[in-house]
Amino acid sequence: LIRMLDEEAGEAPDRGISDVWGLSSVFRGDPIGFRSKSVTEFYELYDRIERIHNSYNSLLKTNREKAYSYKEKNYNELSLNSQARFYRSQLQKLSKRISKIKADPRYSGSEKREYIEDLEEQMTVTASTAVSSIKQRLR
């Protein structure tokens, strides 16, 4: 294993052959965490919902009649805004926890790696749950 040292954060998380660019999918399967398909798909859905929500709010300020028409056309997306924000908040919390672990000098590289992988798995599961829930309501 390759071990990197950061003086302020202690050891960096251990890296294995599966962390070498281009080899991760061969050794680990589908990526987890921010590189996972479910996280990417969630953020694409989130961006879509947020754009629609922002457009609706802008229309409310300028032309209420158009805003109500827009709301009718985009009701499902608008109704999902708070749910999408909740899931985004959960993913952000997991990301912050990962950053804190990386910066914590109390943990060894292998401990950091283990904790980070657990959090990345939680991130992937959270995003997958969010995508399923959102897609089900968009039908």
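# Close-up views of a helical chain

**Figure 1. The whole chain in overview.** The chain holds 6 helices and 2 strands. Helices (H or I, at least four residues) and strands (E, at least two) are DSSP runs, numbered from the N terminus. The model is predicted: local features need pLDDT of at least 70, side-chain atom pairs count only at pLDDT 80 or more, and totals for chains, interfaces and linings use all residues. Residues are numbered from 1 along each chain as its sequence is written, and side-chain values use heavy atoms, with hydrogens and water left out. Read from the N terminus, the order of elements is β-β-α-α-α-α-α-α. Of the 139 residues in the chain, 37% are buried. Buried means under 20% relative accessible area, exposed over 50%, and partly exposed in between (1.4 Å probe, protein chains only). The accessible surface of the chain is about 9200 Å². Carbon and sulfur atoms supply 49% of that surface. Accessible areas come from the Shrake-Rupley method with a 1.4 Å probe; for residues, only the protein chains shown count as cover. Among contacts in the chain with a separation of 6 or more, 68% join residues 24 or more positions apart. Contact means heavy atoms within 4.5 Å.

**Figure 2. Helix H2 meets helix H3.** Two packed helices are described by the angle between their axes and the distance between the axes. Helix H3 covers residues 64-73. The axes of H2 and H3 come within 6 Å and cross at roughly 155°. Axes are lines fitted to C-alpha atoms, for helices over the stretch in contact, and angles run from 0 to 180 degrees between N-to-C directions. H2 is therefore roughly antiparallel to H3. Angles under 35 degrees count as roughly parallel, over 145 as roughly antiparallel, 65 to 115 as roughly perpendicular and the rest as oblique. H2 and H3 make a left-handed crossing. A crossing is left-handed if the near helix is turned anticlockwise from the far one by less than a right angle, and right-handed if clockwise. From H2, the contact uses Ile 52, Ser 55, Tyr 56, Leu 59, Leu 60 and Thr 62. From H3, it uses Arg 64, Lys 66, Ala 67, Tyr 68, Tyr 70 and Lys 71. By class, the contact of H2 with H3 has 7 nonpolar, 2 polar and 3 charged residues. Ala, Val, Leu, Ile, Met, Phe, Trp, Tyr, Cys and Pro count as nonpolar, Asp, Glu, Lys and Arg as charged, and the others, Gly among them, as polar.

**Figure 3. A close look at Ile 52.** Ile 52 sits in helix H2. Its relative accessibility is 11%, so Ile 52 counts as buried. Beyond neighbours within four places in sequence, Ile 52 contacts Tyr 70, Asn 74, Glu 77 and Leu 78. Ile 52 and Lys 71 lie 19 residues apart in sequence. Their C-alpha atoms are 9.1 Å apart in space.

**Figure 4. Helix H2 crosses helix H5.** The crossing of H2 past H5 is left-handed. H2 brings Phe 42, Tyr 43, Tyr 46, Ile 49, Glu 50 and His 53 to the contact. H5 brings Asn 81, Ala 84, Arg 85, Tyr 87, Arg 88, Leu 91 and Gln 92. The contact of H2 with H5 has 7 nonpolar, 3 polar and 3 charged residues.

Figure 5. Glu 50 belongs to helix H2. Its relative accessibility is 15%, so Glu 50 counts as buried. Glu 50 touches Asn 81 and Arg 85, leaving out residues up to four places away in sequence. Ala 84 belongs to helix H5. Ala 84 is buried, with a relative accessible area of 0%. Leaving out residues up to four places away in sequence, Ala 84 touches Phe 42, Tyr 46, Ile 49 and Ile 134. Ala 84 and Ser 133 are 49 residues apart in sequence, and their C-alpha atoms are 9.6 Å apart.

Figure 6. Helix H6 covers residues 109-138. The axes of H5 and H6 come within 10 Å and cross at roughly 170°. H5 is therefore roughly antiparallel to H6. Their contact has 13 nonpolar, 7 polar and 5 charged residues. Leu 119 lies in H6, and at 3% relative accessibility Leu 119 counts as buried. Apart from neighbours within four places in sequence, Leu 119 contacts Leu 94, Arg 97, Ile 98 and Ile 101. Leu 119 and Leu 94 are 25 residues apart in sequence and 6.3 Å apart in space, C-alpha to C-alpha.
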